[in-house]
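Subject: Structure for your review

Hello,

Here is the structure I said I would pass on. Please look through it first; my notes follow.

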Amino acid sequence: MKPNTGTQGNAARVIASYGRHYLIETDEGHRWMAHPRGKKMVAVVGDRVQWSASGDAAVIESVLPRRNCLLRRDAVRTKVFAANIDQILLLVAAEPDFSEEQLARVLIAAEAEQIPAVIAVNKRDLGPAHAKAMARLAPYPQMGYTLLGFSLQAREAGELDSIRSLLTGKATLVLGPSGAGKSSLINRLVPHAQAETQEISQALNSGKHTTTRTTWYWLDRTRNSAVIDSPGFQEFGLQHIEALALASLMPDLRRHIGHCRFHNCTHLHEPDCAVIAAVGAPGPEGIAPQRYRIYQTLFAECSKAREYARGGRPADWQ
C-alpha cells in the first residue's frame, strides 16, 4: 500500500497494528504505513496519534490521551484490544457451548472502562439449542445489557438489520470465542474486509499478519460507523482489577452495594450482607447463583494476584 503523498503531520487514527508497523488514517481519509519514534512508544488500534511524514512512510510522534481502552491482564502479559471505542459487540453461539465466566470477564473489563456492551447469540437456526442459550442469558437485559439473537446461516434480507442498527454511528469492537462466527460476521458486515487484509499484508511484504491482526473497518463511505475485528481469546485475565471493585463492576451485584452492614464488605461471608441476601432471590432484584459463583471465583483470583504483586502472601478472605 503506497502512502498518499502530499499529506503532512497533524492527527490520525491507528486502524491496523502489526508488531512495530501501524496503518494510520488521517481525518481526510489518507492512509500511511507508519512506525513509532522510539522503542518505548506503543500504539493500539483506535488510538489517535500525532505523526509526521518521512519519505514514503510516516513516523508516529506521540499517542494522544485515550478516552478508554479495553484490555486483559494475566500474570504474564497485558493485551490491549483497542482504544477510543463506543461499544463492544460480544458474540457467542448456541453451539459450541460458551463460558458464562468468560462472558462475565469481558463485561467486567468493559464496565471498568465505562464501555457499553451488546451480547449477540449466533446460530438461531439451531432452534432449541439457541433458545437454551438465550434462556441462560435472560438475566443480562435486566442488568442493562442489550441481548439479541440472529443466524449467520440465514440469507434472508434483513437478518442482520438488528445488529447493523446497533452499529450505526459508533466504533464497535467485536469480540468472541472461537466458533462463535466472528470472522463470518465481519465478512458479512464488511464485504471488502478480506481484500483490505490482503492489501495490508502486501504492504508489509508478509504473506500473513505478524501479530495481533486487530483491524478497524469502516461500515460506510462517510466513515461514521466502524467495526474493529480482533483475534479470539481462550483466557481473559482481570489482574488489573481490584478485588474490592468487582461488585461495583457487576450490575446485578452493584445495585445492592451500600445496603450491607459493613462499608468495606467483601460480599463473601459478612453478616447482614445485602449481596448475599439477594443470591437466588426471585425477580429483577435477585442475583443468579451462577453469577455469584463467578464473583467468588474472580474475587479470589484478583485478590491473590494483587497480594503476589505486592510481594506478600495471598489474602485470606475466609
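Where is Asp47 found? Asp47 sits in the loop between strand S3 (31–36) and strand S4 (48–54); helices (H or I, at least four residues) and strands (E, at least two) are DSSP runs, numbered from the N terminus.

Some ground rules before the rest. This is a predicted model, in which local features need pLDDT of at least 70 and side-chain atom pairs count only at pLDDT 80 or more, while totals for chains, interfaces and linings use all residues. Residues are numbered from 1 along each chain as its sequence is written, and side-chain values use heavy atoms, with hydrogens and water left out.

Asp47 is buried, with a relative accessible area of 0%. Buried here means under 20% relative accessible area, exposed over 50%, and partly exposed in between (1.4 Å probe, protein chains only). The side chain of Asp47 makes a polar contact of 2.8 Å with that of Arg66. A polar contact is a pair of N or O atoms within 3.5 Å; within protein, one must be able to donate a hydrogen and the other to accept it, and residues adjacent in sequence count only if both atoms are side-chain atoms. A polar atom of the Asp47 side chain also lies 2.8 Å from the backbone nitrogen of Val44.

Arg72 is found in strand S6 (residues 69–73) and is buried too, with a relative accessible area of 17%. Its C-alpha atom is separated by 8.9 Å from that of Glu235, 163 residues apart along the chain. Leaving out residues up to four places away in sequence, Arg72 touches, among others, Arg77, Phe233, Glu235 and His240 (contact means heavy atoms within 4.5 Å).

Helix H1 (residues 100–112) has 13 residues and reaches 18 Å from its first C-alpha to its last, close to the 18 Å expected at 1.5 Å a residue; the expected span is 1.5 Å times one less than the number of residues. Of those 13 residues, 10 are buried, including Glu100, Arg105 and Ile108. Ser99 caps the N-terminal end, with a side-chain oxygen 3.3 Å from the backbone nitrogen of Glu101. After H1 comes Gln114, with a positive phi near 55°.

Strand S9 (residues 117–122) is largely enclosed by the rest of the structure, because 6 of its 6 residues are buried. Ala117, Ile119 and Val121 point one way from S9, and Val118, Ala120 and Asn122 the other way. S9 runs parallel to strand S8 (residues 87–93), joined to it by 6 bridges, and parallel to strand S10 (residues 146–149), joined by 4 bridges. Two strands pair if DSSP finds at least two bridges between them. Leu91 has Ala120 as its bridge partner in S9, and Ile119 stands opposite Leu147 in S10.

Cores and totals

The largest nonpolar core has 73 residues, of which Ile24, Leu70, Ile88, Leu173, Leu175 and Tyr295 touch the most other members. H1 gives the most to this core, with 7 residues. A second, separate core of 20 residues includes Ala93, Ala120, Leu148 and Ile186. A nonpolar core is a set of buried Ala, Val, Leu, Ile, Met, Phe, Trp, Tyr and Cys residues joined through side-chain atoms within 4.5 Å.

The protein chain has 9 helices and 13 strands, and 48% of its 318 residues count as buried.

Regards
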